[in-house]
Every structure is written in C-alpha cells, then in structure tokens.
Amino acid sequence: MDPNSVNLIWQADGSPRSARFDDPYFSTSGGRAESEHVFLAGNGLPQRFAKGFQIAELGFGTGLNMLVAWQAWRKARASGPLRYTGFEAYPLTQDELRKTLSAWPELAMLAVPLIDAWPCQKLNLPGLVLELVFGDARTTLPTWRGKADAWFLDGFSPNKNPEMWAENLMAEVARHTALQGSFATYTAAGYVRRSLAETGFEVSRIKGFGRKRHMSIGRMPAKLKLATSSHEL
Ligand SMILES: C[S@@+](CC[C@H](N)C(=O)[O-])C[C@H]1O[C@@H](n2cnc3c(N)ncnc32)[C@H](O)[C@@H]1O
C-alpha cells in the first residue's frame with residue numbers, strides 16, 4: 001500500500017471506511033447526528049459559542065464535524081468567524097472528499113468551497129477561518145501556537161489507532177486548551193479518560209450516541225488546582 005494513500009473502502013451504504021485502520025470515518029447510522037451529539041453537545045455547543053471561539057480537531061478526516069460546527073455557528077449568528085483547526089495525517093483526495101460529502105446535500109453550500117480549495121492549509125470563508133495542519137499529530141500539535149476552547153477528539157478507535165490517544169498526545173491537547181476549555185470524544189476507553197484526567201481535565205462519562213453506551217467529555221477548570229496540604233506539596 002502506498003504509505004500516503006488513505007485507501008478508502010466504500011461501504012454498502014456509500015460511507016467511507018479506512019483500509020489502513022480498518023475503521024469507519026463516522027457512524028454509519030447517522031454520521032451527522034453523531035457529530036451533533038458527541039462533538040457539539042459534548043462540548044456544550046452552540047451555547048458556548050462566543051467571539052473568537054477556537055475549535056481544534058484531532059482527525060479532520062472528511063471535514064464532516066467541521067461543516068456541522070460551522071453550520072451551527074452560522075445558525076447561532078455568533079459574532080465574527082469561527083476559528084477551526086484540523087489535524088490530519090492522511091488527507092483524503094479531493095474526489096474522496098467530494099464523494100463522501102455528497103451524502104449531505106443540505107451541507108453542500110458549505111462543503112463546495114472546502115472541496116474546491118482542497119487540500120489547503122488556510123481557508124477564509126464567511127463565518128469561518130479554517131486552518132489545516134497536515135502530518136502526524138504527535139509531531140504537529142506540539143508546535144501549534146493556538147489554544148482551543150473546544151477539542152473534538154476523533155481519531156479512529158483506540159484499539160486500532162492507539163497513537164491518536166497516546167498519553168503524550170493527550171498532554172499536548174491539555175497544553176493547547178484554554179482555561180475553561182473542553183474536549184469531547186465518542187470513546188469511553190478507561191485509559192484515555194485517565195490520561196486526560198491526569199493532564200488536568202475534569203472528566204465525565206456520559207451517554208453515548210445511538211447504541212454506544214458511553215462517551216467522554218471534560219472541562220479544564222478556571223484555575224489550575226493548587227495543592228491543599230503539605231503532603232501534596
Ligand atoms: C474517525 S476519522 C475522523 C473523522 C472526521 N473527524 C470527520 O469528520 O470525518 C480519524 C482520522 O484521524 C486521522 N489520523 C489517524 N492517525 C493520525 C495521526 N497520527 N495524526 C493525525 N491524524 C491521524 C485519520 O487519517 C482519520 O482521518
């Protein structure tokens with residue numbers, strides 16, 4: 001297999017699956033509804049949208065989560081553009097992107113300029129400043145200069161794509177999170193929750209999307225906790 005090829009497999013329902021990771025890009029039973037449940041609601045969005053809001057995503061994939069967030073931003077009539085940064089190691093081809101996103105005609109108005117410009121590193125569109133950082137997130141995130149108000153943690157499942165959930169990478173997520181910033185992810189894997197909790201997030205397990213029993217969310221406290229007794233110093 002060409003090491004740079006995503007090598008997509010199209011499933012019977014027309015949705016893409018990664019041959020490299022043997023995992024689907026999104027839930028085949030409602031990718032868009034999953035995105036709204038896990039990544040928007042999980043991060044308290046659209047309610048938390050505010051001027052200058054920054055979302056960052058590990059695993060930009062097809063751009064579906066970004067389009068859903070941008071559409072929600074436009075509907076919320078939030079002030080100024082949404083800032084969105086996507087980290088992606090194995091970008092889809094333009095044709096793969098076009099074919100995947102054609103499943104949501106209601107997103108076409110937003111999807112077309114992304115597809116036309118693909119692959120791009122910066123894109124300014126009405127209500128959106130998009131930054132795409134291509135490469136392995138374990139290398140690219142440490143050098144990113146931003147801080148996210150909300151993280152979408154959307155690697156493939158931890159048993160198939162463990163590098164996207166590695167302890168060091170979760171520490172970088174925390175280091176690149178604004179105070180009171182948040183994360184949401186579809187996984188409830190115990191080791192992922194524990195490493196995010198160790199970095200300072202207040203982590204909870206909540207109801208997952210569809211048939212998934214649980215997912216995880218977390219919030220960075222307003223102030224970093226100080227040790228309260230001499231034993232903790
Ligand atoms: C579940 S898919 C993401 C779906 C995407 N959020 C969407 O809206 O379509 C996981 C993504 O993580 C990417 N990925 C896997 N390992 C990576 C790594 N080490 N660094 C950056 N991206 C990676 C994959 O190429 C894939 O696009």
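Visitor: How many bridges join β4 to β5, and do the two strands run parallel or antiparallel?
Guide: This is a predicted model. In it, β4 is joined to β5, residues 82–88, by five bridges, and the two strands run parallel.

Visitor: Which residue of β5 stands opposite E57?
Guide: That residue is G86.

Visitor: And what unit do β4, α2 and β5 make?
Guide: Together with helix α2, which covers residues 64–75, the strands β4 and β5 form a β-α-β unit, and this unit is right-handed.

Visitor: What about β8: how many bridges pair it with β4?
Guide: Four bridges pair β4 with β8, residues 148–153, and the pairing is parallel. Within it, A56 has W151 of β8 as its bridge partner.

Visitor: Is β4 itself mostly covered or mostly open?
Guide: Strand β4, residues 54–58, is mostly covered, since five of its five residues are buried.

Visitor: Which of them point the one way, and which the other?
Guide: Q54, A56 and L58 point one way from β4, while I55 and E57 point the other way. Residues on both sides are buried.

Visitor: Changing topic, where is A50 found?
Guide: A50 lies in the loop between α1, residues 31–40, and β4.

Visitor: Is A50 buried or exposed, and why?
Guide: A50 is exposed, because 11 other C-beta atoms lie within 10 Å, and a residue counts as exposed at 12 or fewer.

Visitor: How far apart are A50 and S18?
Guide: They are 32 residues apart in sequence, and their C-alpha atoms are 35 Å apart in space.

Technical notes:
Residues are numbered from 1 along each chain as its sequence is written. This is a predicted model: local features need pLDDT of at least 70, side-chain atom pairs count only at pLDDT 80 or more; totals for chains, interfaces and linings use all residues. A residue is buried if 20 or more other C-beta atoms lie within 10 Å of its own, exposed if 12 or fewer, and partly exposed in between; C-beta atoms are placed from the backbone. Two strands pair if DSSP finds at least two bridges between them. A crossover is right-handed if, with the strands pointing away from the viewer, the path from the first strand over the helix to the second runs clockwise.
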